[in-house]
Amino acid sequence: RDGFQPGATVTCGLCLVMWGLTVSVLQLYKDLFASTSALTIVGGAVASMLFFFSLVGMSSLNEVVMGGRGTGWIQVIFCAAVSCAIATSVHRVCATTCLLFSGAILYYVCACSQHLYGSVKHF
């Protein structure tokens, strides 16, 4: 290998830890994120990281359990719904901005996949 590239099990575990830390930050600073409109948008951006961690974690879990199957649209929608539901517990606008930022993250994940693997894994 050309450098350190963690396996699917390690990636899944790291995503689980980061997901838990992100949820904790959102809930601990819920009042701060809801205090101003700018911080509400920041709260949505932080909540969209939940989408990223859950998407990567679910893809890694699929690789461990099913042996390399890619993430499908059902998993993408599920990860976005869970992220937006948690963002709603902070503020309603956080859920909207979370969905927008999650769309941008999904675009860049697909672009990186296309760059690294030559094509996006079809669902």
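1. A disulfide is counted here when two cysteine sulfur atoms lie within 2.5 Å. By that rule, searching the whole structure gives zero disulfides. Cys79 is accordingly in no disulfide, and the nearest cysteine sulfur, that of Cys15, is 10 Å away.

2. On the basis of these values: this is a predicted model, in which local features need pLDDT of at least 70 and side-chain atom pairs count only at pLDDT 80 or more, while totals for chains, interfaces and linings use all residues. Residues are numbered from 1 along each chain as its sequence is written, and side-chain values use heavy atoms, with hydrogens and water left out.

3. Buried means under 20% relative accessible area, exposed over 50%, and partly exposed in between (1.4 Å probe, protein chains only).

4. Ser60 lies in helix 3, residues 37-66 (helices are DSSP runs of H or I with at least four residues, numbered from the N terminus). Ser60 is buried, with a relative accessible area of 8%. Leaving aside residues up to four places away in sequence, Ser60 touches Ala8, Thr11 and Cys12 (contact means heavy atoms within 4.5 Å).

5. There are two aromatic pairs in the structure. One of them joins Tyr107 and Tyr108, edge-to-face, at 5.2 Å centre to centre with 80° between the planes. Rings of Phe, Tyr and Trp (its six-membered ring) pair if their centres lie within 6.5 Å; planes under 30 degrees apart count as stacked, over 60 as edge-to-face and the rest as tilted. Tyr107 and Tyr108 are both exposed.

How values were computed: Helix = DSSP H or I, 4+ residues; strand = E, 2+ residues; numbered from the N terminus.
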